[in-house]
Amino acid sequence: MSAAATEAATAANFTGIDFSATGKQLGYGHVVHSDNVHDGSVIPVPLARISSGPGPVALIVAGTHGDEYEGQILAHELIRELEPGQLQGTVLVVPAANSPAVRAGTRVSPIDAGNLNRSYPGDASGNPTDQVAALLHDHLLPQADFVIDLHSGGSNATYLPSTFIYRGPDEQSWQRKLKAVRALGLPYAMVVPELLEPGSLSSAGDRAGVLTISTELCGAGTVDRQALETMRRGMPRLLAGLGILAAAPEAAAQDAARAPEDPQWLELLPESSVTSTVGGLFEPLVDLGQRVLAGQEVARVHFIDELDRTPRTFTARTDGMVAILRRPTLVRPGTHLVQIAPELDIQST
């Protein structure tokens, strides 16, 4: 497909957005689906485009999972507060990527049970979630020089407030990711294997050669005030470091000039997971951020119906820090109760 044809196809998939114009534009992408509710309409994927003209492009995505809220709030604030005159490039903001899930407050879409972060590169002719993935992958990702996918633990987990990055895909990309993590300034950074989830936006960005990082901003189905404040300080610093934010409000500019402390680097491994083999009531024996040793008791599951049965105890499989805790108390066999992440030594460069 020629460049002109690609631009025409992109324009046809969005309303209210002229991708060749400057200024602040608010519009939406089109997802077409016919059911009892959506027949004769589209499911809108909200999009803001804030541009001063030529320059680097940042794509900021939130609401991939509908019950992850810190990123959604941050995305809406950026849309309201960023102005073209502050930029030397373009910021694309998708505040509710899986909009049916956002409106329902659920991890996956209530329309097709689709998990957007397992759906890339998507299918423009597929179900609604596959269409959203294709919309971002085919039309927005190719425009971007940088992508940040804003996640939290959702209703099912609580994370340490972390930047979340895939290793690789090459040494130059890895070093650029480390620089972006340090600029964002979250207190923890979780490292996972290259292309960990093939259908994720992080994997799609790596395959496309676009600098891509993610976050895990606490969670528990609510908003962590401290994580949100850290992101409010870190995003202007990150965008300035990428050469996109030319002029920030005075307070943000002052904060952008202050280098944050290096995060605590952690690595999620296959042996990080402490997984229940029974159903019942989960009792954590450790706290988020606590350091534990392999073999240490970290969780119990109490049986609901067997009143005289001793709870099943579970132990850590590796030394490390409690990085993720299961949120709902009711669990079943196969539920990850705790994730223990060994600490990494990543030197500043």
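I started with E77, which is buried at a relative accessible area of 12%. For this I used the cut-offs of under 20% relative accessible area for buried, over 50% for exposed, and partly exposed in between (1.4 Å probe, protein chains only). I must remember that this is a predicted model, where local features need pLDDT of at least 70 and side-chain atom pairs count only at pLDDT 80 or more, while totals for chains, interfaces and linings use all residues. Residues are numbered from 1 along each chain as its sequence is written, and side-chain values use heavy atoms, with hydrogens and water left out.

**Entry 1: salt bridges**

Side chains of opposite charge can pair when their charged atoms come close. I searched with this rule: a side-chain nitrogen of Lys or Arg within 4 Å of a carboxyl oxygen of Asp or Glu. How many salt bridges does the whole structure hold? The search gives eleven.

My E77 is in one of them, with R232 as its partner and 2.5 Å between the closest N and O atoms. This pair links distant parts of the chain, since R232 sits in helix 7 (residues 225–241) and E77 in helix 2, 155 residues apart. I take helices (H or I, at least four residues) and strands (E, at least two) as DSSP runs, numbered from the N terminus.

Next I looked at E197 and R118, whose side chains form a salt bridge at 3.4 Å, N to O. E197 is in the loop between strand 9 and helix 6 (201–208), and R118 is in the loop between helix 3 (99–104) and helix 4 (128–140), so this pair ties together parts 79 residues apart in sequence. E197 is partly exposed at 28%, and R118 is partly exposed at 39%.

Then I checked D206 and K177, a salt bridge with its closest N and O atoms 3.0 Å apart. D206 belongs to helix 6 and K177 to helix 5 (residues 171–184), so parts 29 residues apart in sequence are tied together. Both D206 and K177 are buried. I also noted a network: salt bridges with shared partners join E77, E229 and R232.

**Entry 2: a buried glutamate**

I found E68 in the loop between strand 4 (57–61) and helix 2 (70–81). E68 counts as buried, at 3% relative accessibility. Which side chains does the side chain of E68 meet in polar contacts? H65 is a partner at 3.0 Å, and H151 is a partner at 3.0 Å. A polar contact here is a pair of N or O atoms within 3.5 Å; within protein, one must be able to donate a hydrogen and the other to accept it, and residues adjacent in sequence count only if both atoms are side-chain atoms.

I then listed contacts of E68, meaning heavy atoms within 4.5 Å. Leaving aside neighbours within four places in sequence, E68 touches R107, H151, S152, G153 and G154.

I spotted a cis peptide bond joining Y120 and P121, with omega about 10 degrees. P121 is in the loop between helix 3 and helix 4. The peptide bond from G168 to P169 is also cis, with omega near 0 degrees, and P169 lies in the loop between strand 8 (162–166) and helix 5.

L195 is not a glycine, yet its phi is positive, about 50 degrees. L195 is in the loop between strand 9 and helix 6.

**Entry 3: two domains**

The protein is divided into domain 1 (3–267) and domain 2 (273–341), with bounds from an automatic or database domain assignment. Their centres, taken over C-alpha atoms, are 32 Å apart.

Twelve residues of domain 1 are in contact with twelve residues of domain 2. The two domains bury about 950 Å² between them, 66% of it on carbon and sulfur atoms. In domain 1, N156, T158 and L160 lose the most area to domain 2, together 44% of what that side buries. Buried area is the accessible area (1.4 Å probe) that two parts lose on being put together, summed over both.

Last, I counted pairs across this boundary: zero salt bridges, and three residue pairs in polar contact, both residues at pLDDT 80 or more.
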